[in-house]
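I opened the notebook for this chain and listed what to look up. The entries follow in the order I took them.

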Amino acid sequence: MTFNIKYIGFVFLLVLFVVPEVNAQYGYNNGYNRNSRRNSPIPRMDEPQSKPENLTAEEIVEREMPKIIEALELNDFEQAVVSSILTKYVQQSIELQLLKLPADKTREAAEKIRENQKEELKAGLPEDKFNQLVELQKQGYKKIKKKKKKKDKSEG
């Protein structure tokens with residue numbers, strides 16, 4: 001009888017100490033389970049997203065044009081003029097960034113690009129719309145849009 005009691009005691013202790021270890025290695029929420037990421041109480045970092053692709057000048061201008069058109073109420077001809085001018089100078093800015101010139105030369109070249117863009121826009125747009133575009137660029141597209149909506153609500 002003593003052999004059976006020792007044997008049962010040994011098995012009991014073995015189960016008591018081994019089962020939690022085995023469960024920790026192969027059990028629930030261990031990474032082997034398909035649903036472990038979803039059900040895990042441990043917060044995990046998301047996988048790093050791939051670096052966004054560089055946009056072309058046309059894509060950049062295409063993204064901004066609806067905001068400009070809405071804020072300035074441009075007709076088709078004015079849209080074409082603004083789009084072509086902005087595309088040209090955004091392309092020049094991108095090329096300038098790729099050159100990786102010293103800071104002072106980059107600043108000078110960027111200023112020259114902005115001046116040339118401003119002159120072409122002034123020549124291609126009526127004065128009131130040009131002034132609105134300059135204001136839009138200074139304050140940012142969202143602020144002008146909000147001001148315009150406030151004016152529309154107060155008039156009605």
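In which helix is Gln 117 found? I located Gln 117 in helix H5, residues 103-124. I note here that the model is predicted.

Entry on Gln 117. Gln 117 has 15% relative accessibility, and it counts as buried because the cut-off is under 20%. Leaving aside neighbours within four places in sequence, I found Gln 117 in contact with Ile 85, Leu 86, Tyr 89 and Gln 137.

Entry on the helix pair. I looked up how H5 sits against helix H6, residues 127-139: the two pack at an angle of about 145°, with their axes 9 Å apart. From H5 the contact takes Gln 117, Lys 118, Leu 121 and Lys 122, and from H6 it takes Phe 130, Leu 133, Val 134 and Gln 137. By class I recorded four nonpolar, two polar and two charged residues in this contact.

Entry on the whole chain. I noted seven helices and zero strands. Of the 156 residues, 18% are buried. Among contacts with a separation of 6 or more, 55% join residues 24 or more positions apart. The chain exposes about 13200 Å², and carbon and sulfur atoms supply 56% of that.

Entry on the core. Which residues touch the most other members of the largest nonpolar core? This core has 19 residues, and I listed Ile 68, Val 82, Leu 86, Leu 121, Leu 125 and Leu 133 as the ones that do. Helix H3 (57-72), helix H4 (76-99), H5 and H6 each supply at least two residues to this core, and H4 gives the most, with six.

Entry on charges. Glu 78 pairs with Lys 129, the closest N and O atoms being 2.8 Å apart. Glu 78 lies in helix H4 and Lys 129 in helix H6, so this pair ties together parts 51 residues apart in sequence. Glu 78 is buried at a relative accessible area of 8%, and Lys 129 is buried at 15%.

Arg 114 forms a salt bridge with Glu 111 at 2.9 Å between the closest N and O atoms; the two are three residues apart in helix H5, about one helical turn. Arg 114 is partly exposed at 48% relative accessibility, as is Glu 111 at 37%.

Glu 64 forms a salt bridge with Lys 67, with 3.8 Å between the closest N and O atoms. Both lie in helix H3, three residues apart.

How values were computed
Residues are numbered from 1 along each chain as its sequence is written. This is a predicted model: local features need pLDDT of at least 70, side-chain atom pairs count only at pLDDT 80 or more; totals for chains, interfaces and linings use all residues. Side-chain values use heavy atoms; hydrogens and water are left out. Helices (H or I, at least four residues) and strands (E, at least two) are DSSP runs, numbered from the N terminus. Buried means under 20% relative accessible area, exposed over 50%, partly exposed in between (1.4 Å probe, protein chains only). Contact means heavy atoms within 4.5 Å. Axes are lines fitted to C-alpha atoms, for helices over the stretch in contact, and angles run from 0 to 180 degrees between N-to-C directions. Ala, Val, Leu, Ile, Met, Phe, Trp, Tyr, Cys and Pro count as nonpolar, Asp, Glu, Lys and Arg as charged, and the others, Gly among them, as polar. Accessible areas come from the Shrake-Rupley method with a 1.4 Å probe; for residues, only the protein chains shown count as cover. A nonpolar core is a set of buried Ala, Val, Leu, Ile, Met, Phe, Trp, Tyr and Cys residues joined through side-chain atoms within 4.5 Å. A salt bridge is a side-chain nitrogen of Lys or Arg within 4 Å of a carboxyl oxygen of Asp or Glu.
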